[in-house]
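Hi,

Here is the structure I promised to pass on. Have a look first, and my notes follow below.

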Amino acid sequence: MGLFKLYQRRNQVMLKIIKNTVPFFLLVLIFCGEIFAGRTDKAGGAAASELLIPVGSSSIGNGSSDIAFVTGANALYWNPAGLARTEKQHELLFSHMGYFADIGVEYFAGMIHIENMGTLGLGAKILSVGDIPVTTADQPDGTGETASPTFTVLSGAYSRMITDKISFGVSANYIIEKMEQVSATGLAFTAGLQYEALGGVKGLCMGVAIKNIGPKLQYDGDGLLYSGELDDMLRPSSLTKIPSSADDLPSTIEIGLGYRNQLTEELSSTWTVMFQNNNYSADEYRTGIEVEVNRSFYIRGGYVYSVVEDNQKYIFGPTLGLGTKSVIEDIEFQFDYAYRSLDFFSANHSITLTLSKK
(Lines give C-alpha, C1' and ligand atoms only; values in the text may rest on other atoms or scores of the structure.)
Protein backbone atom coordinates (compact mmCIF):
# COMPACT_ATOMS: atom_id res chain seq x y z
CA MET A 1 0.00 0.00 0.00
CA GLY A 2 2.88 2.35 0.74
CA LEU A 3 4.25 1.90 -2.78
CA PHE A 4 0.80 2.40 -4.29
CA LYS A 5 0.31 5.67 -2.40
CA LEU A 6 3.77 6.79 -3.48
CA TYR A 7 2.89 6.01 -7.10
CA GLN A 8 -0.37 7.98 -6.81
CA ARG A 9 1.48 10.89 -5.21
CA ARG A 10 4.03 10.89 -8.03
CA ASN A 11 1.28 11.02 -10.66
CA GLN A 12 -0.41 13.92 -8.87
CA VAL A 13 2.87 15.84 -8.78
CA MET A 14 3.49 15.15 -12.49
CA LEU A 15 -0.04 16.28 -13.36
CA LYS A 16 0.41 19.53 -11.43
CA ILE A 17 3.73 20.20 -13.15
CA ILE A 18 2.23 19.57 -16.59
CA LYS A 19 -0.81 21.80 -15.98
CA ASN A 20 1.40 24.63 -14.75
CA THR A 21 4.01 24.16 -17.48
CA VAL A 22 1.88 23.77 -20.61
CA PRO A 23 0.66 27.42 -20.81
CA PHE A 24 4.20 28.72 -20.25
CA PHE A 25 5.56 26.23 -22.81
CA LEU A 26 3.09 27.46 -25.43
CA LEU A 27 3.86 31.12 -24.77
CA VAL A 28 7.58 30.44 -25.20
CA LEU A 29 6.91 28.73 -28.53
CA ILE A 30 4.77 31.60 -29.77
CA PHE A 31 7.35 34.23 -28.83
CA CYS A 32 10.16 32.12 -30.32
CA GLY A 33 8.21 31.90 -33.55
CA GLU A 34 7.94 35.70 -33.65
CA ILE A 35 11.54 36.39 -32.70
CA PHE A 36 13.20 33.71 -34.85
CA ALA A 37 11.08 34.02 -37.98
CA GLY A 38 11.82 31.79 -40.96
CA ARG A 39 15.35 32.33 -42.28
CA THR A 40 15.03 32.52 -46.06
CA ASP A 41 18.58 33.93 -46.24
CA LYS A 42 19.87 30.56 -44.96
CA ALA A 43 17.69 28.37 -47.19
CA GLY A 44 19.42 25.21 -48.32
CA GLY A 45 22.23 25.56 -45.79
CA ALA A 46 21.10 22.97 -43.23
CA ALA A 47 22.45 19.47 -42.87
CA ALA A 48 20.37 16.27 -42.87
CA SER A 49 17.51 17.72 -44.90
CA GLU A 50 16.04 14.21 -45.12
CA LEU A 51 14.67 14.85 -41.63
CA LEU A 52 12.11 17.18 -43.23
CA ILE A 53 10.85 14.76 -45.89
CA PRO A 54 7.28 13.80 -44.89
CA VAL A 55 6.17 10.17 -44.53
CA GLY A 56 2.78 8.53 -44.06
CA SER A 57 0.13 8.99 -46.75
CA SER A 58 -2.74 9.90 -44.41
CA SER A 59 -0.90 12.95 -43.06
CA ILE A 60 0.57 13.97 -46.43
CA GLY A 61 -2.90 13.82 -47.98
CA ASN A 62 -4.29 16.51 -45.68
CA GLY A 63 -1.44 18.94 -46.19
CA SER A 64 0.88 17.64 -43.44
CA SER A 65 -1.18 19.67 -40.97
CA ASP A 66 -2.49 17.10 -38.47
CA ILE A 67 0.01 17.19 -35.58
CA ALA A 68 -2.96 17.83 -33.28
CA PHE A 69 -4.73 14.59 -34.27
CA VAL A 70 -2.09 12.17 -35.57
CA THR A 71 -1.99 8.92 -33.57
CA GLY A 72 -0.35 5.50 -33.53
CA ALA A 73 2.76 4.53 -35.49
CA ASN A 74 2.20 7.40 -37.94
CA ALA A 75 2.81 9.84 -35.07
CA LEU A 76 6.44 8.71 -34.67
CA TYR A 77 7.48 11.19 -37.37
CA TRP A 78 4.83 13.92 -37.03
CA ASN A 79 4.34 14.25 -33.27
CA PRO A 80 5.57 11.54 -30.85
CA ALA A 81 2.88 12.56 -28.35
CA GLY A 82 0.35 10.83 -30.60
CA LEU A 83 1.92 7.40 -30.13
CA ALA A 84 0.07 6.93 -26.84
CA ARG A 85 -3.21 8.45 -28.06
CA THR A 86 -4.67 5.29 -29.58
CA GLU A 87 -6.61 2.23 -28.47
CA LYS A 88 -4.28 -0.04 -30.46
CA GLN A 89 -1.87 -2.26 -28.56
CA HIS A 90 0.37 -2.97 -31.56
CA GLU A 91 0.73 -1.25 -34.91
CA LEU A 92 3.02 -1.56 -37.94
CA LEU A 93 3.29 0.92 -40.79
CA PHE A 94 4.99 0.52 -44.17
CA SER A 95 5.23 3.43 -46.59
CA HIS A 96 6.79 4.27 -49.96
CA MET A 97 6.95 7.65 -51.67
CA GLY A 98 8.33 8.65 -55.03
CA TYR A 99 10.01 11.96 -54.18
CA PHE A 100 11.66 13.85 -57.05
CA ALA A 101 14.72 13.34 -59.28
CA ASP A 102 14.14 9.56 -59.07
CA ILE A 103 14.59 9.58 -55.28
CA GLY A 104 12.55 6.97 -53.41
CA VAL A 105 11.64 7.25 -49.72
CA GLU A 106 11.02 4.02 -47.81
CA TYR A 107 9.63 4.24 -44.28
CA PHE A 108 8.84 1.73 -41.56
CA ALA A 109 7.37 2.41 -38.12
CA GLY A 110 6.08 0.25 -35.30
CA MET A 111 4.60 0.86 -31.86
CA ILE A 112 3.71 -1.21 -28.83
CA HIS A 113 1.71 -0.18 -25.78
CA ILE A 114 2.99 -1.40 -22.42
CA GLU A 115 0.45 -1.29 -19.60
CA ASN A 116 1.24 1.18 -16.78
CA MET A 117 4.39 2.30 -18.59
CA GLY A 118 3.55 4.04 -21.86
CA THR A 119 4.02 3.48 -25.57
CA LEU A 120 7.26 2.71 -27.38
CA GLY A 121 7.93 3.35 -31.06
CA LEU A 122 10.65 2.41 -33.54
CA GLY A 123 11.09 3.62 -37.09
CA ALA A 124 13.45 3.83 -40.07
CA LYS A 125 13.48 6.20 -43.04
CA ILE A 126 15.70 5.27 -46.00
CA LEU A 127 16.33 7.36 -49.09
CA SER A 128 17.35 5.52 -52.27
CA VAL A 129 19.11 7.93 -54.60
CA GLY A 130 20.45 5.48 -57.21
CA ASP A 131 23.78 5.54 -59.02
CA ILE A 132 25.56 8.87 -59.56
CA PRO A 133 28.64 9.27 -61.85
CA VAL A 134 31.86 9.98 -59.94
CA THR A 135 33.70 13.14 -61.00
CA THR A 136 36.98 14.63 -59.74
CA ALA A 137 38.88 17.88 -60.22
CA ASP A 138 41.12 16.12 -62.75
CA GLN A 139 38.23 14.28 -64.44
CA PRO A 140 35.22 16.63 -64.35
CA ASP A 141 33.45 14.58 -67.04
CA GLY A 142 33.54 11.45 -64.89
CA THR A 143 35.90 8.66 -63.96
CA GLY A 144 33.68 5.91 -65.33
CA GLU A 145 32.73 4.85 -61.82
CA THR A 146 29.42 5.36 -60.03
CA ALA A 147 28.50 6.00 -56.39
CA SER A 148 25.29 5.19 -54.53
CA PRO A 149 24.71 7.66 -51.68
CA THR A 150 22.58 6.44 -48.79
CA PHE A 151 20.64 8.54 -46.27
CA THR A 152 19.10 6.75 -43.29
CA VAL A 153 17.29 7.96 -40.17
CA LEU A 154 16.67 5.46 -37.35
CA SER A 155 14.12 6.57 -34.74
CA GLY A 156 13.11 5.54 -31.25
CA ALA A 157 10.35 7.18 -29.20
CA TYR A 158 8.51 7.06 -25.90
CA SER A 159 5.05 8.49 -25.23
CA ARG A 160 2.44 8.37 -22.49
CA MET A 161 -0.85 9.89 -21.46
CA ILE A 162 -0.25 12.40 -18.66
CA THR A 163 -3.99 12.85 -18.13
CA ASP A 164 -7.04 11.66 -20.05
CA LYS A 165 -6.64 14.77 -22.25
CA ILE A 166 -2.89 15.44 -22.39
CA SER A 167 -0.23 13.23 -23.97
CA PHE A 168 3.51 13.83 -24.21
CA GLY A 169 6.22 12.17 -26.27
CA VAL A 170 9.92 12.37 -27.11
CA SER A 171 11.96 10.77 -29.87
CA ALA A 172 15.62 10.37 -30.79
CA ASN A 173 16.72 10.12 -34.42
CA TYR A 174 20.07 8.66 -35.43
CA ILE A 175 21.23 10.10 -38.76
CA ILE A 176 23.52 8.14 -41.09
CA GLU A 177 24.74 9.66 -44.35
CA LYS A 178 27.25 8.02 -46.71
CA MET A 179 28.51 9.34 -50.02
CA GLU A 180 31.39 7.54 -51.72
CA GLN A 181 34.39 7.92 -49.36
CA VAL A 182 32.85 10.33 -46.85
CA SER A 183 30.17 9.85 -44.21
CA ALA A 184 28.49 11.60 -41.30
CA THR A 185 26.42 10.56 -38.29
CA GLY A 186 24.43 12.62 -35.85
CA LEU A 187 21.56 12.78 -33.36
CA ALA A 188 18.36 14.80 -33.57
CA PHE A 189 15.76 15.00 -30.79
CA THR A 190 12.05 15.81 -30.97
CA ALA A 191 9.51 16.56 -28.24
CA GLY A 192 5.76 16.84 -28.72
CA LEU A 193 2.52 17.51 -26.88
CA GLN A 194 -1.15 16.91 -27.68
CA TYR A 195 -4.09 18.45 -25.81
CA GLU A 196 -7.61 17.11 -26.36
CA ALA A 197 -10.82 19.08 -25.71
CA LEU A 198 -8.90 22.35 -25.65
CA GLY A 199 -10.72 24.98 -23.60
CA GLY A 200 -13.38 22.44 -22.74
CA VAL A 201 -14.59 22.31 -26.37
CA LYS A 202 -15.32 18.74 -27.44
CA GLY A 203 -13.53 17.84 -30.67
CA LEU A 204 -11.04 20.74 -30.48
CA CYS A 205 -7.43 19.58 -30.15
CA MET A 206 -4.00 21.16 -30.17
CA GLY A 207 -0.59 19.77 -31.05
CA VAL A 208 2.87 21.22 -30.44
CA ALA A 209 6.23 19.82 -31.54
CA ILE A 210 9.85 20.97 -31.36
CA LYS A 211 11.79 18.93 -33.91
CA ASN A 212 15.34 18.12 -34.92
CA ILE A 213 17.26 19.62 -32.01
CA GLY A 214 20.83 18.38 -31.81
CA PRO A 215 24.53 18.99 -32.49
CA LYS A 216 25.87 20.03 -35.86
CA LEU A 217 26.56 17.42 -38.53
CA GLN A 218 30.03 17.13 -40.09
CA TYR A 219 31.42 14.84 -42.80
CA ASP A 220 34.66 12.92 -42.48
CA GLY A 221 36.51 10.22 -44.39
CA ASP A 222 39.20 9.48 -46.97
CA GLY A 223 37.31 11.47 -49.60
CA LEU A 224 38.53 14.65 -47.90
CA LEU A 225 42.20 13.75 -48.44
CA TYR A 226 44.04 15.84 -51.02
CA SER A 227 47.43 15.09 -52.54
CA GLY A 228 49.63 18.16 -52.86
CA GLU A 229 53.25 19.30 -52.95
CA LEU A 230 54.77 20.82 -49.82
CA ASP A 231 56.88 23.98 -49.88
CA ASP A 232 59.87 21.99 -48.70
CA MET A 233 61.25 20.51 -51.96
CA LEU A 234 63.33 17.98 -50.00
CA ARG A 235 60.16 16.23 -48.86
CA PRO A 236 57.91 14.17 -51.12
CA SER A 237 54.24 14.99 -51.72
CA SER A 238 51.81 13.92 -49.00
CA LEU A 239 48.12 13.66 -48.35
CA THR A 240 46.39 16.52 -46.57
CA LYS A 241 42.86 16.37 -45.18
CA ILE A 242 40.60 19.29 -46.02
CA PRO A 243 38.11 19.54 -43.13
CA SER A 244 34.45 19.91 -44.02
CA SER A 245 32.20 22.46 -42.38
CA ALA A 246 29.86 21.51 -39.55
CA ASP A 247 26.27 22.48 -40.34
CA ASP A 248 23.16 22.91 -38.20
CA LEU A 249 20.20 20.55 -38.30
CA PRO A 250 16.93 21.85 -39.82
CA SER A 251 15.18 22.55 -36.50
CA THR A 252 11.49 23.44 -36.54
CA ILE A 253 8.77 24.62 -34.17
CA GLU A 254 5.25 23.48 -35.08
CA ILE A 255 1.92 24.49 -33.57
CA GLY A 256 -1.35 23.05 -34.85
CA LEU A 257 -5.08 23.04 -34.12
CA GLY A 258 -7.78 20.67 -35.25
CA TYR A 259 -11.52 20.26 -34.90
CA ARG A 260 -13.39 16.97 -35.38
CA ASN A 261 -17.14 17.12 -35.97
CA GLN A 262 -19.45 14.09 -36.01
CA LEU A 263 -21.93 15.16 -38.68
CA THR A 264 -24.02 11.98 -38.69
CA GLU A 265 -23.61 8.46 -37.36
CA GLU A 266 -21.79 7.47 -40.56
CA LEU A 267 -20.11 10.77 -41.49
CA SER A 268 -17.51 12.92 -39.72
CA SER A 269 -15.08 15.66 -40.72
CA THR A 270 -11.74 16.80 -39.31
CA TRP A 271 -10.31 20.26 -40.03
CA THR A 272 -6.67 21.01 -39.24
CA VAL A 273 -4.38 24.06 -39.44
CA MET A 274 -0.70 24.32 -38.56
CA PHE A 275 2.15 26.82 -38.44
CA GLN A 276 5.78 25.74 -38.91
CA ASN A 277 8.80 27.88 -38.13
CA ASN A 278 12.01 26.59 -39.72
CA ASN A 279 15.49 27.87 -38.92
CA TYR A 280 16.67 27.30 -42.52
CA SER A 281 13.69 28.24 -44.71
CA ALA A 282 10.57 30.39 -44.86
CA ASP A 283 7.69 29.83 -42.44
CA GLU A 284 4.92 27.51 -43.61
CA TYR A 285 1.15 27.67 -43.05
CA ARG A 286 -0.72 24.43 -43.63
CA THR A 287 -4.35 23.43 -43.66
CA GLY A 288 -6.22 20.22 -44.40
CA ILE A 289 -9.52 18.40 -44.18
CA GLU A 290 -10.43 14.74 -43.81
CA VAL A 291 -13.91 13.32 -44.35
CA GLU A 292 -14.57 9.89 -42.83
CA VAL A 293 -17.40 7.77 -44.21
CA ASN A 294 -18.78 4.86 -42.20
CA ARG A 295 -15.47 4.61 -40.29
CA SER A 296 -13.93 2.79 -43.25
CA PHE A 297 -13.36 5.26 -46.10
CA TYR A 298 -11.44 8.55 -46.08
CA ILE A 299 -11.19 11.51 -48.45
CA ARG A 300 -8.49 14.10 -47.76
CA GLY A 301 -7.24 17.39 -49.12
CA GLY A 302 -4.73 20.01 -48.04
CA TYR A 303 -2.72 23.06 -48.95
CA VAL A 304 0.64 24.50 -47.88
CA TYR A 305 1.42 28.21 -48.13
CA SER A 306 4.81 29.82 -47.60
CA VAL A 307 6.08 33.38 -47.96
CA VAL A 308 9.14 33.36 -50.21
CA GLU A 309 11.26 36.30 -51.28
CA ASP A 310 11.36 38.07 -54.66
CA ASN A 311 7.85 36.86 -55.56
CA GLN A 312 9.12 33.35 -56.10
CA LYS A 313 6.57 30.56 -56.19
CA TYR A 314 6.61 27.95 -53.43
CA ILE A 315 7.58 24.58 -54.86
CA PHE A 316 4.91 22.48 -53.10
CA GLY A 317 1.22 22.80 -53.92
CA PRO A 318 -2.14 21.22 -53.03
CA THR A 319 -2.44 17.65 -51.75
CA LEU A 320 -5.10 14.99 -52.14
CA GLY A 321 -5.56 11.63 -50.44
CA LEU A 322 -7.74 8.55 -50.18
CA GLY A 323 -7.88 5.80 -47.58
CA THR A 324 -9.77 2.64 -46.79
CA LYS A 325 -9.91 0.45 -43.70
CA SER A 326 -11.10 -3.11 -43.09
CA VAL A 327 -10.88 -5.73 -40.35
CA ILE A 328 -9.99 -9.38 -40.91
CA GLU A 329 -10.45 -11.45 -37.75
CA ASP A 330 -8.78 -9.21 -35.13
CA ILE A 331 -6.31 -7.45 -37.45
CA GLU A 332 -7.16 -4.03 -38.86
CA PHE A 333 -5.80 -3.19 -42.32
CA GLN A 334 -5.63 0.38 -43.56
CA PHE A 335 -4.41 1.45 -47.00
CA ASP A 336 -3.77 5.12 -47.78
CA TYR A 337 -2.69 7.01 -50.88
CA ALA A 338 -1.54 10.63 -51.16
CA TYR A 339 -0.77 12.98 -54.04
CA ARG A 340 1.34 16.12 -53.54
CA SER A 341 1.81 18.51 -56.45
CA LEU A 342 5.17 20.17 -57.17
CA ASP A 343 6.53 22.84 -59.47
CA PHE A 344 9.50 21.98 -61.72
CA PHE A 345 9.31 18.26 -60.78
CA SER A 346 6.86 15.41 -61.09
CA ALA A 347 4.27 15.13 -58.32
CA ASN A 348 4.93 13.03 -55.21
CA HIS A 349 2.94 9.81 -54.89
CA SER A 350 2.83 8.05 -51.52
CA ILE A 351 1.27 4.72 -50.51
CA THR A 352 1.04 3.38 -46.96
CA LEU A 353 -0.13 0.11 -45.42
CA THR A 354 -0.92 0.05 -41.69
CA LEU A 355 -1.57 -3.13 -39.68
CA SER A 356 -2.89 -2.82 -36.14
CA LYS A 357 -4.38 -4.85 -33.34
CA LYS A 358 -6.31 -3.73 -30.27
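**What I found**

Ile 351 sits in strand S20 (strands are DSSP E runs of at least two residues and helices H or I runs of at least four, numbered from the N terminus). A word on the source: this is a predicted model, where local features need pLDDT of at least 70 and side-chain atom pairs count only at pLDDT 80 or more, while totals for chains, interfaces and linings use all residues. Residues are numbered from 1 along each chain as its sequence is written, and side-chain values use heavy atoms, without hydrogens and water.

Ile 351 is partly exposed, at 39% relative accessible area (buried is under 20%, exposed over 50%, partly exposed in between, with a 1.4 Å probe and protein chains only).

Now the strands. S9 (204-213) and S14 (252-262) run antiparallel, joined by eight bridges (two strands pair if DSSP finds at least two bridges between them). Ala 209 stands opposite Glu 254 in S14. S14 also pairs with S15 (267-278), again antiparallel, over eleven bridges, and a hairpin of four residues connects S14 to S15.

There are nine salt bridges (a side-chain nitrogen of Lys or Arg within 4 Å of a carboxyl oxygen of Asp or Glu). One of them joins Lys 211 and Glu 254, with the closest N and O atoms 3.2 Å apart. That pair links S9 with S14, 43 residues apart. Lys 211 is buried at 5%, and Glu 254 is buried at 3%.

Another joins Arg 300 and Asp 336 at 3.0 Å, N to O. Arg 300 lies in S17 and Asp 336 in S19, so the pair ties together parts 36 residues apart in sequence.

Cheers
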